[in-house]
Amino acid sequence: MVMKVKKRIKKVLMPIFLSVICGSICGKLVYGIYDKELDKDINGEKIYLIQAGAYSTYDNMVNNTSLNNYIYYEDTDGLFKSIIGLTENYDNIEKIKNTYSEEVIISEYYSKDEELNKQIKEYDIKIKNSTNEEEIKTIVLEMLTLYKDTDATLTKITS
């Protein structure tokens, strides 16, 4: 009787044990592939886009945006979004926001463009060291012009 119970336990436990081992191996393989693909897609610097608004049409954006210094893009959801600043330094967001006295939305993106990232870092240092609002506006405008003049693409970080 005891032998029969041991044989049954072996018959039940052995497949469960093998399933756990096979599942672990397959999980590690799939995760390894996914992890490498993720690194290919997102291996850049985090960029914060400071957005002044999102509008259903281009005309609404132009009519409702009180600022002259902004860039815009049409998002995949069909909205026109006006960007008043971009930075890699999270602390600079408050400075830019206070300079323009606007309600803003912060979006996180990744940039793979090494030259763009390098120049944004240089502008971030200037903003960090500046207390003059007009100087900050000039630096932000230079950053926006820099981004507008490149063909860099950003990858959105979704949560």
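**A nonpolar surface patch and its helix**

Tutor: Let us begin at the surface: Val5, Ile9, Val12, Leu13, Ile16 and Val20 make a nonpolar patch of about 530 Å². Please bear in mind throughout that this is a predicted model.

Student: In which helix is the place of leucine 13?

Tutor: Leucine 13 is one of the residues that make the nonpolar surface patch. Its relative accessible area is 47%, so leucine 13 is partly exposed. The element that holds leucine 13 spans residues 2–41 and is helix α1.

Student: How many disulfides does a search of the whole structure find?

Tutor: The sulfur of cysteine 22 has its closest cysteine sulfur in cysteine 26, and because 6.5 Å separates them, the two are too far apart for a bond. Cysteine 22 counts as partly exposed at 47% relative accessibility, and cysteine 26 counts as partly exposed at 46%. For a disulfide the sulfur atoms must lie within 2.5 Å. The search of the whole structure accordingly gives a disulfide count of 0.

**Overall architecture**

Student: What pattern does the chain follow when read along the sequence?

Tutor: The chain contains 5 helices and 5 strands. Taken in sequence order, these elements give the pattern α-β-α-β-β-α-β-α-α-β.

Student: Among contacts between residues at least 6 apart in sequence, what percentage join residues at least 24 apart?

Tutor: The chain has 159 residues, of which 30% count as buried. Among contacts between residues at least 6 apart in sequence, the share joining residues at least 24 apart is 73%.

Student: Which element supplies the largest share of the largest nonpolar core?

Tutor: The largest nonpolar core has 29 residues, and those with the most contacts inside it are Leu49, Leu86, Ile120 and Val140. At least two residues of this core come from each of β1 (45–55), β3 (80–87), α3 (90–100), α4 (114–129) and α5 (133–149). The largest share, 7 residues, is supplied by α5.

Student: Which residues does isoleucine 120 touch, not counting residues up to four places away in sequence?

Tutor: Isoleucine 120 is among the residues with the most contacts inside the largest nonpolar core. With residues up to four places away in sequence left out, isoleucine 120 touches Ile47, Leu86, Thr87, Glu88, Met143 and Leu146.

Student: Is serine 82 buried or exposed?

Tutor: Serine 82 lies in strand β3. Not counting residues up to four places away in sequence, serine 82 touches Ile50, Gln51, Ala52, Gly53, Tyr55, Met61, Thr65, Tyr70, Ile71 and Tyr72. Because the cut-off for burial is under 20% relative accessible area, serine 82, with a relative accessible area of 0%, is buried.

Student: What distance separates the C-alpha atoms of serine 82 and valine 62?

Tutor: Serine 82 and valine 62 are 20 residues apart along the chain. Their C-alpha atoms are separated by 9.2 Å.

**Salt bridges**

Student: With which lysine does glutamate 45 form a salt bridge?

Tutor: Side chains of opposite charge can pair when their charged atoms come close. In the salt bridge of glutamate 45, the closest N and O atoms are 3.4 Å apart. The pair links distant parts of the chain, with glutamate 45 in strand β1 and its partner 76 residues away in helix α4. That partner is lysine 121.

Student: Which residues are linked with Glu45 in a network of salt bridges?

Tutor: Glutamate 45 counts as partly exposed at 32% relative accessibility, and lysine 121 counts as partly exposed at 37%. The network that includes Glu45 also holds Glu88 and Lys121.

Student: In which strand is glutamate 108, the salt-bridge partner of lysine 46?

Tutor: Lysine 46 and glutamate 108 form a salt bridge with their closest N and O atoms 3.8 Å apart. Lysine 46 is in strand β1, and the two residues are 62 apart in distant parts of the chain. Glutamate 108 is in strand β4.

Student: What separates glutamate 94 and lysine 97 within helix α3?

Tutor: The side chains of glutamate 94 and lysine 97 meet in a salt bridge with an N to O distance of 3.3 Å. Glutamate 94 counts as partly exposed at 41% relative accessibility, and lysine 97 is partly exposed at 28%. Because they are 3 residues apart in helix α3, their separation is about one helical turn.

Methods. Residues are numbered from 1 along each chain as its sequence is written. This is a predicted model: local features need pLDDT of at least 70, side-chain atom pairs count only at pLDDT 80 or more; totals for chains, interfaces and linings use all residues. Side-chain values use heavy atoms; hydrogens and water are left out. Patches are made of residues with over 30% relative accessible area and no salt bridge: like charges are joined within 9 Å, nonpolar side chains (Val, Leu, Ile, Met, Phe, Trp, Tyr) within 5 Å. Accessible areas come from the Shrake-Rupley method with a 1.4 Å probe; for residues, only the protein chains shown count as cover. A salt bridge is a side-chain nitrogen of Lys or Arg within 4 Å of a carboxyl oxygen of Asp or Glu. Helices (H or I, at least four residues) and strands (E, at least two) are DSSP runs, numbered from the N terminus. Buried means under 20% relative accessible area, exposed over 50%, partly exposed in between (1.4 Å probe, protein chains only). A nonpolar core is a set of buried Ala, Val, Leu, Ile, Met, Phe, Trp, Tyr and Cys residues joined through side-chain atoms within 4.5 Å. Contact means heavy atoms within 4.5 Å.
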